[in-house]
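Keep the sequence and the 3D view side by side.

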Amino acid sequence: MSDKKTEKEEMLEEVLEELEADAEAAAEDASGEEPDGADAEVEFAAEEEAAKAEPETADTEKKGFFKKKKDKKDEQIEELNDKVKRQMAEFDNFRKRTDKEKAQMYDMGARSIIEKILPVIDNFERGLAAVPDEAKEDAFVVGMDKIYKQLLSELETIGVAPIEAVGKEFDPEYHNAVMQVENGELASGVIAQELLKGYTYKDAVVRHSMVAVVQ
């Protein structure tokens, strides 16, 4: 019995030796292919960080895309705003230029009509001045005087005004000296007599006054 037990023990020892050898071989193979626990944790952490970085990169790319798209849209809006501003400025200049041309044409037409009316005013003044004192209260003379004053009033409302002459110093811009006279009461260069009344239209001379100036 003791001999048989010894053989079993020997067989068990051989089996254990073979298992140990296989285990050592398996451990050596595993150490060459797979990392140990610490290396596995580091590698896992790196993979996790990479996985987190991927969405951020995608979001950044999307933001950059929309920013570029928005910038292009803003540029188009700015260009359109510039075009609108330029067109508005051109239209405003055109309107001002047109208004100025209209005003000039209106003034030219008004001056032409005023120049034709002034001789009528002159004739009214000559006719009323020739009326004798005893006839000034006649209905006809009173009617002519009213028409004369109405003409002057209408001319005044559109900007026509007579030029002051007698007693004023001669001014070539408003007066036209046709003769010189002697006058002990007035200084030299002062207007002593008005021969034909002058008029202005909106501060511009329509007709110069014909005057006699003291020597």
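Which residue forms a salt bridge with D107? In this predicted model, the partner is K202, with the closest N and O atoms 3.3 Å apart. The pair links distant parts of the chain: K202 sits in the loop between β4 (199-201) and β5 (204-207), D107 in helix α2, 95 residues apart. K202 is partly exposed at 48% relative accessible area. D107 is also partly exposed, at 23%.

Now the wider fold. The chain has 3 helices and 6 strands. Along the sequence they run α-α-α-β-β-β-β-β-β. Buried residues make up 15% of the 215 residues. Among contacts with a separation of 6 or more, 63% join residues 24 or more positions apart.

Back to the salt bridges, which number 9. D122 and R207 meet in one of them, at 2.8 Å from N to O. This pair, too, links distant parts of the chain: D122 is in helix α2 and R207 in strand β5, 85 residues apart. Both residues are buried.

Other pairing stays within the helix. R95 and D99 form a salt bridge at 3.6 Å, N to O. Both lie in helix α2, 4 residues apart, about one turn of the helix. R95 is partly exposed at 38% relative accessibility, and D99 is partly exposed at 37%. The two belong to a network of salt bridges that also includes D92 and K96.

D71, D74, E75, E78, E79 and D82 form a negative surface patch. D71 is found in helix α2 (residues 37-129).

Note on methods:
Residues are numbered from 1 along each chain as its sequence is written. This is a predicted model: local features need pLDDT of at least 70, side-chain atom pairs count only at pLDDT 80 or more; totals for chains, interfaces and linings use all residues. Side-chain values use heavy atoms; hydrogens and water are left out. Helices (H or I, at least four residues) and strands (E, at least two) are DSSP runs, numbered from the N terminus. Buried means under 20% relative accessible area, exposed over 50%, partly exposed in between (1.4 Å probe, protein chains only). Contact means heavy atoms within 4.5 Å. Patches are made of residues with over 30% relative accessible area and no salt bridge: like charges are joined within 9 Å, nonpolar side chains (Val, Leu, Ile, Met, Phe, Trp, Tyr) within 5 Å. Accessible areas come from the Shrake-Rupley method with a 1.4 Å probe; for residues, only the protein chains shown count as cover. A salt bridge is a side-chain nitrogen of Lys or Arg within 4 Å of a carboxyl oxygen of Asp or Glu. Lys and Arg count as positive and Asp and Glu as negative; His and the chain ends are not counted. The place of a charge is taken as NZ of Lys, CZ of Arg, CG of Asp or CD of Glu.
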